[in-house]
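The stops below are intended to be followed in order.

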Amino acid sequence: MLGPNEFVHYFCEDTGFFNGGKDDRGLATDVEIACPAGSKVTYFISNRSQAQVAAEPCQNQTGRGTCMATLNSWRASGSIIIEENPLYECQIPGVGQPRPVFCDDNRNDLRAAKTFFKKLPTNTARTLLPLRALIDAAFRYKTRFRSSTGGTLGFAPAQCVPNSDQVPYCYDPAQIEEARQRVDCLINVYSVDAYSAALTAQQRTDLNAFLRDSFSEFNANYEGFERLYAELMIMQGDESLTAAYASRFDLAATGGATFKGSAFEPNGIDLTGVAGAEMFRLYQSVQYYQLALDRLYMLGPNMQVALARGPVTSELDFISAETVTSYLERLVRAASQKSRAIGEIARRYQNFNRPDLARRTIERGYVATYLESALISRQMLDIAAASSSASLPQIFITIEKAQRNYRMALLDMREMYAQITDEQNYFGYPPDYIPFPAIDGSSTSSANAFDTLLNLAKQRLDLAKTREQIALQSGRQGRVDAAQFQSDLTSIRNNYENQLAQICGTFPGPDGRPYPAIRKYAPLSDVATAMGDPCGRMGSGELHMAMGNVKDSSLRLKGVVLRHENILADIEIERTRIADQCALNTSIADLQYQIADKQATLANTVAEQKALMNFITGSVQAVTNAMQVMDCEIQCASSAAMGATVAALGIATSGSQYATELIIARKEKEQREYERDTMRIIANAPCQSGQIDSVAKIADLTHNTLEVQLEALRADYGMRLAMSEVKRLFSTAERLQAQQEEAEQLAINIQQAQNDPNVRIYQNDSIINADVSFRDALALAYRLTRVYEYYSSQSYAKKEQLFLIRMVTAGQYNLENYLLELENAFNAFEEEFGNPDLRVMALSLRDDVLRIPYVKIDGKPMDEGERIKAMRDRLKDVKLLDSRGYLTLPFSTNLKDLSPLTRNHKVRHVEIDLQGSKMGDSVARVYLRMSGTGVVRNVSDATDYYVFPERTAVLNASVQGSKVFDPEVYRNYRFRDRPLINTLWELIINQRDESVNRDIDLQTVSDIRILIYYSDFTTF
């Protein structure tokens, strides 16, 4: 309301004056200048009184005033006008009277019949939404989009457009921040004893109940703030992590981004394009997960205060058993997902040949994950200690599950850390390393290394292909479903709200967009908020026009009633004049007339007409009273009462409509009959001369009353039709809003059935799993390429495609085509060089391993016995024993021992034979180890060098050439396809703990034969 020194004025643009001009001083004797209908009017509140405004110089003008300039100067000064265009409502004329739709009838003073309200000052503290309502609005994607069964959708929400409902399924960061600060305030009040003690008992109970719910749930439909906040951060982290994995699907490179790695890591690297987008999203996901965890770290001391105040079942403690299963369990996922993202960051740094950054990232993430596991587990155990025995089983199961998740996360990071190397590597392998598969064939005809690895690569390719198709389909379907859902909501909104805007009108929102004047958008306008239900009350729309038509019909009806009263007054005046002129009593001077052979007096007719007009006026008044519901007090927001009143009005209107039509038809008939009948005076008065004129005049006036009655009835009918239109439009608006809610709920139900939160996790995991399989298949393709190069002794020029391949089946370079071309290259090599030949290299312990000389020091030849004795003496040398006590005899193989026409010598299998007198039974075992550098003379007659992991074979040795068992028992394929020529072989005899060798007397050994079967290609 207005203060004591605040006055309402208006400026009429057509007259150019303030208020009613210079004579409008607020006195009863004032003569105001009317503001013409249709003129633009500007209302304002000023600190100047009405008399002061009337005395302004601009008011003392002949013709049009010049107060526009004065108004502009007051605006510029900022000290005279307190508020422009204040809110107002039309006043109710009297008790039981309807509130007018318009109240501008008094053109001499447009402030009349209006109550003005001043808005709150802009520097007044902002009115806060109730906290639960604020949480509801902040997380509207969760709280407003529930299916009829209570389920929620799994789409990742978008950010809301500020002060707008343009994006329906969204979250509001500003409101989330405000809610978080207010929750922090409540937690601080709870934790500080002085603050908590200042609360009343009820306030303390309400505070504890709210905080308890905040860490679990409000009820079955609304979750607590901490749960919602953690869920949103984890969901956004999952989306960023999935987007990083899915970036390899971006063959068009449309999703590039700039990553300022130097700002994140000391001596970091800056990236752009797709690689920049991947790293950007990985770091973004880590930050999202960390936000959820940081929230727990900040609240940890407060949670300990709560636990110290009593068990979780106590009202003094806001922690509950549900805090473990409903809140902390979510944070365990945040920690495990963060460790996965950190591992991916480290892997990419390793691929950029920055092992220092990879190690630093893993080390930092490992320590953080370990500390998080200890902290969260400790928190869960503290809650368990304060919980009842009924809650303990589930809490302990949750704790065990959390610890398993942490153990696996730490294990993954340890494995990733072990793969980091300072050497340049490709797909996890050093450039000079041949990632050779283990080939333990059961026969000499079994598949070679390339064929074995090719079959494995095809299997991994099929798995990667299947997963990639699932990921593409689910990812695309998920995006389509989310976009379709937003589109469906927008389509439903536009469809219904366009109709509602036409009926209810519109008003501009804070973002400048027009919004329908309905309850849903009322909070976007101070005026609409004050009205509650602004439909038809914002100055536009069909309902507003229909309400105006009701007003117009009521004014027209009032005019008809007034005219009827004036005619009756004229008749009464004429009757009185006749009575006075002829000295007659007025009852004697009554007139009678003939209607359809029925005689009636004028007095009776007038009485009937008055009764009819009263009936019309009363029924119209009843209809008009309902209109005040449509424009009730500003504080009124009861649409239910409005609907009930209008419904009752419709029943009354439809019930009397038929009767009104019959009255109109009857009155039209009476008027036609009256026109042909006569009127005469029944009294024998002496003044016959004036009677003739008087009869004619009264007859004419009586005729006019019949016409007015007909016009009144028609106006009454029009009034009822106008009111019925108001009722129809209002009912239509209510129905459209209800249908919109039903359509939106149906869309929510459909999408919830198709896309609950688990579906989103499935879709995200399908992309992550596809990436894992793709990386594995790509690494296997690299291994196969290196084995091909090794097997064929030539380089593969298309190997660089592996660094360009992004998908299994799509793109200019894809993994499926690469494997096909590599297999064709291998087949072409075999067609050119044919199948390899099988040969054998026979080595002797005496001649080739120990190299016992054939001559003595004096130059004389040594016979075989002497050489055998020299060999046996050498076997006694303790220097040949390794750290485990095994007799270890090193040797090497050389190219000069091979045919000069052969190339590409590879081991097929190995056999060993023991020769001597006391060899024990037929079972003996000898070890053979390959750990040096492999040498291959390739098909181009060049020499290649290879490094393979050390490998040891345990061979079942034959004795004296006798193979008691199946020949395959004596063949060992552990070195299959490794280079025959190697700088370091080791023959190992274990008599220390190999029980089958204890019956062998090495001093009776005459020789040990090593037979290395190998393959090669012949060239000319």
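Select Val 41 and display its surroundings: apart from neighbours within four places in sequence, Val 41 is in contact with Tyr 10, Phe 11, Cys 35 and Leu 110. The model is a predicted one. Val 41 belongs to strand β3, which comprises residues 41-46. Is Val 41 buried, partly exposed or exposed? Its relative accessibility is 23%, so Val 41 counts as partly exposed.

From Phe 11, move across to Phe 18 in β2, which stands opposite. Strand β1, residues 7-12, pairs with β2 in the antiparallel sense over two bridges. Backbone hydrogen bonds are the means by which strands of a sheet pair, in either a parallel or an antiparallel manner.

Now widen the selection to the sheet. What is the order of its four strands? The order is β2-β1-β3-β4, in an open sheet with antiparallel pairing. Colour β2 (17-18) and β4 (81-84) separately: each has a single partner strand and stands at an edge, so one side of each lacks a neighbour in the sheet.

The next stops concern side chains. Select Tyr 88 and Lys 114; Lys 114 lies over the face of the tyrosine, at 5.5 Å from the ring centre. Then go to Tyr 854, where the charged end of Arg 867 sits over the ring, 3.7 Å from its centre.

The tour continues with aromatic pairs, of which a search of the whole structure finds 34. To examine one of them, select Tyr 791 and Phe 1017: the ring centres are 6.3 Å apart and the planes stand at 85 degrees, so this pair is edge-to-face. The pair links distant parts of the chain, 226 residues apart, with Tyr 791 in helix α20 (residues 757-792) and Phe 1017 in strand β26 (residues 1005-1018). Display the surface to consider their accessibility. Tyr 791 counts as buried because its relative accessibility is 6%. Phe 1017, at 3% relative accessibility, also counts as buried.

Which residues do ring pairs link into a cluster? The cluster consists of Phe 450, Tyr 788, Tyr 791, Tyr 796, Tyr 818, Phe 826, Phe 829, Phe 833 and Phe 1017.

Methods:
Residues numbered from 1 in each chain as written. Predicted model: local features only at pLDDT ≥ 70, side-chain atom pairs only at ≥ 80, totals over all residues. Heavy atoms only, no water. Pairing = 2+ DSSP bridges. Phe/Tyr/Trp six-rings, centres within 6.5 Å; stacked < 30°, edge-to-face > 60°. Buried < 20%, exposed > 50% of the residue type's maximum accessible area, 1.4 Å probe, protein only. Lys NZ or Arg CZ within 6 Å of the ring centre and 35° of its normal. Contact = heavy atoms within 4.5 Å.
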